[in-house]
Amino acid sequence: MLTVYNTLTKRKEEFKPIVPSNVKMYMCGPTVYNYFHIGNGRSFVSADIIRRYFEYKGYNVKFVMNLTDIDDKIIKKAGEEKVETNKVTQKYIDAFMEDIAKLKVKKADIYPKATEHIEEIIKMIKTLEEKGLAYNVNGNVFYNVKMFNGYGKLSGKNIEDLESGARIEINEEKNSPLDFALWKKAKEGEPQWESPWGNGRPGWHIECSAMSCKHLGETFDIHAGGNDLIFPHHENEIAQSEGANDKPFVNYWLHFGFLNINDEKMSKSLGNFFTARDILKVYPAEAIRLLFTQTNYGGPLNFSEELLQSAKKGLEKLDNLKSKIDEAMKVEDSNQGVEFGFDKFYAAFEKAMDDDFNTPQAVAVVFDFVRECNKTIAETEKPGYKFYHLVKEFLTRTAEGVLGIMDFNTKESSGASLEKDLIEFLITLRLDAKKNKNYALADKIRNELNALGVELQDSKEKTTYKKIEAN
Ligand code: AMP
Ligand code: ZN
């Protein structure tokens, strides 16, 4: 039984999709005015693993992630760079696509853009206005929070507390400081669209209500995002969607913990961030993902370079086994393969992931599996092709397919690159030996490498090597 922690009910619940075998999932995506940081990356990877696990379980997943391509920050950036807003957004949408691909995050089925859904947004605001849930003041349309029964049910806040805690805003147009903009009146020189309330642009919250409704329906299974979005963004989405459609909006709300630096949320505004793009220049996606998966998706994760280093080190165990598999599977044999309890490991992996996507536990299962395999390989003279095939299948489905901490498609694992570095180091040593006229040592290095299946080839400029193919 798959259970998920639902922010709405504040407990773990059995996951039951609306349509059997189908999962409709929406995730709040980036505001595209900058490269995303590794904190955003954590949320994208968390959603990716959840989506991949549903697929592993045989669900047909429709995964939608919006792109916020109209917003104050985008307009500001375009102003600074003296370009049109769509120039800014296109640049960062392209960068976003590149970076999530490098992070091995699977592509969403749809990436709807706010600017391409103005019609749907206007329609929803009109419905809210007709129902008395929205009001227009001089071309600015606000949501009337007090008119929606149930405001605060996601975040556990109540209207009275919120109002007394709210800053006294200097906005005489709003009935209550909690009311929020659905439609913003156009300002000179800013992107704008025609509407029944005059030219303007949509507010942020309504984009997600309108786009999720269009692509996933009025009620869908899962809505996800970082913890910072619970209030007010997701609370407002519920008020808009349920207010407009008179139907439950989302059955399961999933929220991701922050990635912190020195116990402080990594954020663009605080300036304490590393872009995913920069980190990916130094670390493989698998190391970043291993670091993320070692903490539960809902809890905070303190980020440091040391932790990333040790995650990278942890990958060596996986890469070493991968090299053994690659080597052993070069030659097929009909050997039935040594007995091995694969079912036990699949069951343990699924038990972990079924428990609200407990990735730390699932990662532990993968590493136990690797240890057991190494033991079997060491103790068995010929484990057999079939054994290696099943080992690879397990790792492909779990470590690669769900967690994304391995990649069987890359030619060179870090184990292989270590091998390359070592051979090159020995070639340098041999060169030094020759310079010192220590021909005995130089020959010894050549002969030992040859015995290990590595043939050195000397030319005038340099020494190269090639691996001797096994017959
Ligand atoms: P943004 O581009 O800021 O709207 O954020 C995109 C996604 O990243 C949202 O789901 C945010 O909740 C999430 N997010 C932002 N900062 C962090 C952080 N430090 N740790 C984890 N997730 C974050
Ligand atoms: Zn959203």
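Residues are numbered from 1 along each chain as its sequence is written, and chains are lettered from A and ligands numbered from 1 in the order in which they are written. In this predicted model, local features need pLDDT of at least 70 and side-chain atom pairs count only at pLDDT 80 or more, whereas totals for chains, interfaces and linings use all residues; side-chain values use heavy atoms, with hydrogens and water left out.

Ligand 1 is surrounded by 18 residues, each with a heavy atom within 4 Å of the ligand. Gly-39, Ser-43, Asp-228, Leu-259 and Met-266 are the closest. An oxygen atom of ligand 1 lies 2.5 Å from a polar side-chain atom of Asp-228. Nitrogen atoms of the ligand are found 3.1 Å from a polar backbone atom of Gly-39 and 2.8 Å from a backbone N or O atom of Leu-259. Taken alone, ligand 1 exposes 490 Å², of which the protein buries 91% (Shrake-Rupley method, 1.4 Å probe). Helix H1 (38-56) gives the most residues to this shell, namely three.

The structure holds one cavity of 30 Å³ or more, a cavity being a set of points on a 1 Å grid over the protein atoms alone where a 1.4 Å probe fits but cannot get out. The largest cavity has a volume of about 90 Å³, taken as the space filled by probe spheres set on the points. Its lining residues, which have an atom within 4 Å of a point, include Arg-42, Phe-292 and Tyr-297. H1 supplies the largest share of this lining, five residues.

Key
Polar contact = N/O pair within 3.5 Å; in protein donor to acceptor, adjacent residues only side chain to side chain. Helix = DSSP H or I, 4+ residues; strand = E, 2+ residues; numbered from the N terminus. 1 Å grid on protein atoms, 1.4 Å probe; cavity = no way out; pocket = protein on both sides within 12 Å on 5 of 7 lines; lining within 4 Å.
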